[in-house]
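Good morning. Please take a look at the model on the screen, and I will go through a few of its features.

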Amino acid sequence: MIYGTDFSANLADVLAKHLSQKAQKNPLQLAKTHIILPTRRACLALKEAFFKLNKNTLLPQMIPLYELENLEADLPPALPKWERLFLLTKLCQAKPNLTEVTKAFQVAVSLAELLDSSYQYDVDLSKINELIPTESFAQHWQETVQFLDIIQNVWPKILSKRGQTDAGDRLQKLIRSYAKKMTPATPVIVAGLTGDLPAVAELM
């Protein structure tokens, strides 16, 4: 079932009140419920909302979807964001007209954002050069494709050599792993999330 609230309403307060009312006859049912929220901050807000209603209430299990950690032991560890920017900046500096650190860093930030978007929306970056026919914008597009070789080919090899992965890529895999491990009999509520990202849509 799908529920909604007014824009002016506090989601945590509405959800806590609704679930507390439903659990009056069976408090243990609330303790068995899994509530999937975007972040730890959202989980904390919901916890506080429950305690405002009843300080002795049994709390549901709250899962911060975008901050899942250590749920999949066989996944490579995430590369720290600052280290990723440092490495991407070095790769950019090797390109013509990007030897200046400030300019290379700015481009590295854009490349990092492009990588994160590709993970979120399941975009295969290896097919970038197929987006536009070669005969169209030939010179400019070929130069762009050659530059984007940094994230198409060079970056995956660097991650593989280091035995690491991008945090965004790891998160999408963790979400899918969590979805597979969920027990159908467990009451599950997804709150404060939309299904615009493929991994989240699969979870729902």
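How are helix 5 and helix 7 oriented to each other: roughly parallel or roughly perpendicular? Before the answer, some ground rules. This is a predicted model, where local features need pLDDT of at least 70, side-chain atom pairs count only at pLDDT 80 or more, and totals for chains, interfaces and linings use all residues. Residues are numbered from 1 along each chain as its sequence is written, and side-chain values use heavy atoms, with hydrogens and water left out.

Helices here are DSSP runs (H or I, at least four residues), numbered from the N terminus. Two packed helices are described by the angle between their axes and the distance between the axes. Axes are lines fitted to C-alpha atoms over the stretch in contact, and angles run from 0 to 180 degrees between N-to-C directions.

Helix 5 covers residues 101-120 and helix 7 covers residues 149-162; their axes come within 11 Å and cross at roughly 75 degrees. Helix 5 and helix 7 are therefore roughly perpendicular to each other (65 to 115 degrees counts as that, under 35 as roughly parallel). In contact, meaning heavy atoms within 4.5 Å, are L111, L114 and L115 of helix 5 with I150, I151 and W155 of helix 7. That contact has 6 nonpolar, no polar and no charged residues. Nonpolar means Ala, Val, Leu, Ile, Met, Phe, Trp, Tyr, Cys and Pro; charged means Asp, Glu, Lys and Arg; the others, Gly among them, are polar.

Next, helix 5 with helix 8, residues 167-181: the axes are 8 Å apart, at an angle of about 10 degrees. These two helices are therefore roughly parallel. D116, Y119 and Q120 of helix 5 meet G168, D169 and Q172 of helix 8. By class, that is 1 nonpolar, 3 polar and 2 charged residues.

Last, salt bridges (a side-chain nitrogen of Lys or Arg within 4 Å of a carboxyl oxygen of Asp or Glu). The count comes to 8. One of them joins K52 and D13, at 3.3 Å from N to O. K52 is in helix 3 and D13 in helix 1, 39 residues apart.

How values were computed
Angles under 35 degrees count as roughly parallel, over 145 as roughly antiparallel, 65 to 115 as roughly perpendicular and the rest as oblique.
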